[in-house]
Amino acid sequence: SNSGGKTDGFSGSPGDSSNTCASCHSGGSFGATVTIQTEVPAGGYALDTGYGIQVDVTGSGSKHGFQITAERISDNSKVGTFTDDGTDNQLINGGTHITHTSTGNSKKTWNFNWKSPTTDVGAVKFYVAAVAANNNSGTSGDQVVTASTGNFNVLGIAKEKQLDFALYPN
């Protein structure tokens, strides 16, 4: 009934109450995994900057889906916004989440962008839940997997702090 992804928060993140696709899909075990690859440097994200994100699902299911979000570590609030391609993935919840479409559920890899917040919100983490469905026209026998990234801190010095900087010759 939701071949185009759920419209509520089901990324498995703390801010989504740890809800995943397992609220509907269950029972499978065929080696599915999910990974998140980001272009966010390990040293941190720059403010108001776009980064490529890729979600990969493995598993022998005939259909696959995902949902991802980004949250501030300190309070699990949603941060940044996602950009969809309009074909294989779509924005939900005002761009705080992105999920597959019914066209995209035949894929195992989805690419999209995340734009970092415009102000320093502290450390950010990505959370994803994915499903590998066995296409039995129901939700039983499907496998649900989750993953998250490490923490990404803001890169560099905030502009407000740079304004107080002074340099004098020695």
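This is a predicted model: local features need pLDDT of at least 70, side-chain atom pairs count only at pLDDT 80 or more; totals for chains, interfaces and linings use all residues.
Which residues does Thr20 touch, not counting residues up to four places away in sequence?

Leaving out residues up to four places away in sequence, Thr20 touches Phe10, Gly12, Ala129, Val144 and Thr146. Thr20 itself lies in the segment before strand 1, and strand 1 covers 26-27. Is Thr20 buried or exposed? Its relative accessibility is 14%. The cut-off for buried is under 20%, so Thr20 counts as buried. One of the residues Thr20 touches is Ala129, and strand 9 takes in residues 124-133.

Six strands form an open sheet, and their order is 1-10-9-4-7-6. The pairing in this sheet is mixed. At the edges are strand 1 and strand 6, each of which pairs on one side only.

Let me take strand 4, residues 63-72. How many of its 10 residues are buried? The count is 8, so strand 4 is mostly covered. On one side, strand 4 is joined to strand 9 by 10 bridges, and the two run antiparallel. An example from that pairing is His64, whose bridge partner in strand 9 is Ala132. Strand 4 also pairs with strand 7, again antiparallel, through 3 bridges. There, Thr69 stands opposite His97 of strand 7.

Now strand 7 and its other neighbour. Strand 6, residues 89-92, is joined to strand 7 by 4 bridges, and these two run antiparallel. Within that pairing, Leu91 has Ile98 in strand 7 as its bridge partner.

As a general point on strands, side chains in a regular strand alternate between the two faces of the sheet.

Where is it? His100 is in strand 7, which spans residues 97-100. Its relative accessibility is 8%, and that is why His100 counts as buried. The side chain of His100 makes a polar contact with the side chain of Thr99, at 3.4 Å. There is also a distance to Asp84: the two residues are 16 apart along the chain, and their C-alpha atoms are separated by 9.5 Å.

To recap: Thr20 is buried in the segment before strand 1, His100 is buried in strand 7, and strand 4 pairs antiparallel with strand 9 and with strand 7.

Technical notes
Residues are numbered from 1 along each chain as its sequence is written. Side-chain values use heavy atoms; hydrogens and water are left out. Buried means under 20% relative accessible area, exposed over 50%, partly exposed in between (1.4 Å probe, protein chains only). Contact means heavy atoms within 4.5 Å. A polar contact is a pair of N or O atoms within 3.5 Å; within protein, one must be able to donate a hydrogen and the other to accept it, and residues adjacent in sequence count only if both atoms are side-chain atoms. Two strands pair if DSSP finds at least two bridges between them.
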